[in-house]
Amino acid sequence: MCEKTIKVTQWLSNIFGDQPIPHYEVNTRTTEILYQLAECNEARCRDVVLLTEDLEQKAAEYGTEGSYLEELLLEGVGLSSSSLSKTASSYLNALEGSAMSLNTKDTSLASFVAAMNDLTAEILATEKKNQEMDHELTILRKKLTSALVLRKSLQEDLSKTEENQVVEKARAENRLQNMDFFKAKSEDLKFRIKAAENQLSASRMEPSLSHQALLDLSEKLAKLKQETIPMKKKLESFLDLTPNPSLAQVKIEEAKRELAAIDAELTMKVDMMEIAVPDQHARHVI
């Protein structure tokens, strides 16, 4: 731990130089973090030194090669950089700039052709990628248009729904008001029915004089009238008989008695109905 602390202190001293080291809390965690930073910094500095040495070595090699080529041109062709015209110098500089831009290893035609082929392939790949992106962009525009149309349709539907909701709310409120009215009316009718029942009970009205009983009695009367029709026809057939007058007279007398009994019963029921119906009508009026 003391070695790490010493190394951290030396590293901070080298970093800040003549300036004072900022105060920090010295503990195990901070010491460990600063020690790792110092190790990384030293490793990076070593890499930078190695890279610098490598670049210096390459620069020296390029300088030596340039001097060699310059001497070769001077000895073989009699050309030097100082003896070139302004146009030739500009061409040479353009050739050098093209080689550096295309990142070729030299200025030979083969290197330029290979670099141009690579550049053309990159351009074609970029154009293809651009076409694909344009196609995707067209699809996205169509989807966006559809989404906007759908959004507009949904907004219209929402507006219609809100309007319908307002109308339905008004109808519901109206129905609630009508329901309250019908409830009050129903309670009033119940009260009036109860009062009428109490009044009828106080007047000791017989159940046989109720409306339903009178309807049943009327139905029975109509049924009895229908039943007397075949008996009347039977009696008429006996009246047409000529042989055995004594027996016919007996049958006629029996039929007359039976018919008289039915007529009497029918008359009694009719009288009861005539008496009961006006009485009940008068009670309803009251």
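What share of the 286 residues in the protein chain is buried? In this predicted model, buried residues make up 9% of the chain.

View 1. Read from the N terminus on, the elements follow the order α-α-α-α-α-α. The chain exposes about 24,100 Å², and carbon and sulfur atoms supply 59% of that area. Of the contacts with a separation of 6 or more, 52% are accounted for by residues 24 or more positions apart.

**View 2. Confidence along the protein chain, which averages a pLDDT of 77.** Where pLDDT is low, the predicted coordinates should not be read in detail.

**View 3. The largest nonpolar core, a set of five residues.** Its members are Val8, Trp11, Leu12, Leu34 and Ala38. Helix H1 (2–16) and helix H2 (28–76) each supply at least two residues of this core, and the largest share, three residues, comes from H1. One of the core residues, Val8, is in contact with Tyr24, Thr31, Leu34 and Tyr35, once its neighbours within four places in sequence are left aside.

**View 4. A nonpolar surface patch of about 240 Å², made by Met116, Leu119 and Ile123.** Ile123, one of the three residues that make this patch, is found in helix H4. Is Ile123 buried, partly exposed or exposed? With a relative accessible area of 42%, a value that lies between the 20% and 50% cut-offs, Ile123 is partly exposed.

**View 5. Asn103, in the loop between helix H3 (86–102) and H4.** Asn103 counts as exposed because its relative accessibility is 70%, and the cut-off for that class is over 50%. Although Asn103 and Ala115 are twelve residues apart along the chain, their C-alpha atoms are separated by 7.6 Å.

Terms used
Residues are numbered from 1 along each chain as its sequence is written. This is a predicted model: local features need pLDDT of at least 70, side-chain atom pairs count only at pLDDT 80 or more; totals for chains, interfaces and linings use all residues. Side-chain values use heavy atoms; hydrogens and water are left out. pLDDT is the predictor's confidence in each residue, from 0 to 100. Helices (H or I, at least four residues) and strands (E, at least two) are DSSP runs, numbered from the N terminus. Buried means under 20% relative accessible area, exposed over 50%, partly exposed in between (1.4 Å probe, protein chains only). Contact means heavy atoms within 4.5 Å. Accessible areas come from the Shrake-Rupley method with a 1.4 Å probe; for residues, only the protein chains shown count as cover. Patches are made of residues with over 30% relative accessible area and no salt bridge: like charges are joined within 9 Å, nonpolar side chains (Val, Leu, Ile, Met, Phe, Trp, Tyr) within 5 Å. A salt bridge is a side-chain nitrogen of Lys or Arg within 4 Å of a carboxyl oxygen of Asp or Glu. A nonpolar core is a set of buried Ala, Val, Leu, Ile, Met, Phe, Trp, Tyr and Cys residues joined through side-chain atoms within 4.5 Å.
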